[in-house]
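Student: Please take me through this model with a series of questions and answers.

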Amino acid sequence: MGRLSCRYNPIHTPSSLLVFSGVCDSRVTTRSLAYSGYLRRAAAMAMTMLNASPLHQLLRSLCLVLVATATVAAARHHSSPTPSTGQSMYLAPNCRAHTASLTDFGGVGDGTTSNTAAFRSAVDHLSQYSGDGGGMLYVPAGKWLTGPFNLTSHFTLFLHSDAVILGTQNVSEWPIIDPLPSYGRGRDKIGGRFASLIGGSNLTDVVITGNNGTIDGQGASWWSKFHKNQLKYTRGYLIEVMHSDSIFISNVTLVNSPAWNIHPVYSSNIVVSFVTILAPTRSPNTDGINPDSCSHVRIEDCYIVSGDDCVAIKSGWDEYGIAYAMPSQHIVVRRLTCVSPTSAVIALGSEMSGGIQDVRAEDIVAVDSESAVRIKTAVGRGAFVKDIFVRRMHLDTMKWVFWMTGNYKSHPDDKYDPNAIPVVENISYQDVVATGVYKEAARLEGIQGAPFKGICIANVTAELSKSRKQPWTCTDVEGVSSADVTPAPCEPLKGTIPDGGCPFPTDTLPIDQVTVQQCNYDVPGGAAN
């Protein structure tokens, strides 16, 4: 294995995390970091290097490129198949009995030929095996231009390490579909929305994986049209599954989505692991992973650079979400690395009108992000955000550490119910270290007459880049804090914390019992990886 030359100074973290600060000139092997599963976090934390001078900026950029390169190499090494004659392997909850290549259906990987028909034909062909061991579509090395296509049940979409699925920029190839019933309209525009690049509805047992192949939405043209108000419909996402169960997404790289990247909605039993998501940090609404009215979700070991929230948990918009009444609940987020200068590492809302409850986030690393955890809601949303548990976060260069707002000004129309007041309660934050906080430790703003209650903050250190007379902003909130919160919290949070600190659940959720097995398959054409 190659060696990466960066001098690093370990920052005190949980033993499972490796954090860098300093300038490039020391050695870390990609093998040791890859197998510990934390290279992505090291790559993100490389961005904390000094940037006071052009030289430091150059060194920081160089080191980040080197670490990122090592990340990709190590990830591929970690997931590479065991060589054997005409066979390869991957890890997934379920294996498939039948395999076909996209080239079997006329696919051409030259980056210019449309493969929309080939993808649709391949999925349709493999759907016949849903009751006979399932089917896998193998996407070989190449650039496979395509419009949106849907998946089928008991199905695996597998990308070769050098495979790139390219979303076509021909808008006419993107069908217009109905808005989500829990939203009542498109998120960008009133009316329908463009289909997502990879989609499906009423599915069971779907796997999207590979050897870190790429799904590229080619979003630049979409972002430009969005900014110029040239789109008649809401932009599509890279991956959206609806009304589905048992979805597993791993070992793929998603880049340049037109809008949100991964959007499971009205679904359950979802695992997203070892996924890299990349978008320019000023690209509009390129959220990373957005579970929406979903139950039993596990997001882990993901690396996200985004123009919006890295993870945003949602459940419908105002009166439409209230009527649909499907909460997002029993969600685990762990070992996430996030870079999002204009948005949150983890957001709850603002579309939360079906309710959000039992969210557990731990071992999070973030660099250059607006806030670590943000709760967004408003009068008219109704429902609740409750039982939110966060611990062990390591943050650098943040505007706020914690942000709550009960006055988020975004409604689908003027028909929302002004008496639909959301309930926000039982929110726990503990074991958090944040450096380079340049605005405030927290901005916590509830709703007058309906304060956010049951806030618990323990063992939190926010190092402000400049001293401030009021490092906390608190209105219409109630809670407790421990003596080891720095700077000292605002008066509404100075209640005495119970013995043992803030709560964090000790039970195991069913989604954490989902395991993977080694799946062997014949490589179409005999080309592994």
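**A serine and its surroundings**

Student: With which residue does the side chain of S101 make a polar contact?
Tutor: A polar contact is a pair of N or O atoms within 3.5 Å, where within protein one must be able to donate a hydrogen and the other to accept it, and residues adjacent in sequence count only if both atoms are side-chain atoms. This is a predicted model, in which local features need pLDDT of at least 70 and side-chain atom pairs count only at pLDDT 80 or more, while totals for chains, interfaces and linings use all residues. Residues are numbered from 1 along each chain as its sequence is written, and side-chain values use heavy atoms, with hydrogens and water left out. At 2.9 Å, the partner of the S101 side chain is the side chain of T103.

Student: Is S101 buried or exposed?
Tutor: S101 belongs to strand β4 (residues 98-101), strands being DSSP runs of E with at least two residues and helices runs of H or I with at least four, numbered from the N terminus. Buried means under 20% relative accessible area, exposed over 50% and partly exposed in between, with a 1.4 Å probe and protein chains only. The relative accessible area of S101 is 2%, so S101 is buried.

**The nonpolar core**

Student: Which residues touch the most other members of the largest nonpolar core?
Tutor: A nonpolar core is a set of buried Ala, Val, Leu, Ile, Met, Phe, Trp, Tyr and Cys residues joined through side-chain atoms within 4.5 Å. The largest one has 96 residues, and those touching the most other members are L157 and W472.

Student: Which residues does L157 touch, not counting those up to four places away in sequence?
Tutor: Contact here means heavy atoms within 4.5 Å. With residues up to four places away in sequence left out, L157 touches L137, V139, F149, I165, I198, V207, I208 and T209.

**Strands and their pairing**

Student: Which strands stand at the edges of the open sheet of 4 strands?
Tutor: Two strands pair if DSSP finds at least two bridges between them, and this sheet has parallel pairing in the order β8-β13-β16-β19.

Student: Which residue in β21 is the bridge partner of T253?
Tutor: On one pairing, 4 bridges join strand β15 (residues 213-216) to β18 in parallel, with T214 facing T253 as bridge partner. Strand β21 (residues 276-278) also pairs with β18 in the parallel sense, over 3 bridges, and there the partner of T253 is T276.

**The chain as a whole**

Student: What percentage of the residues of the protein chain count as buried?
Tutor: The protein chain holds 6 helices and 34 strands. Of its 529 residues, the share that counts as buried is 57%.
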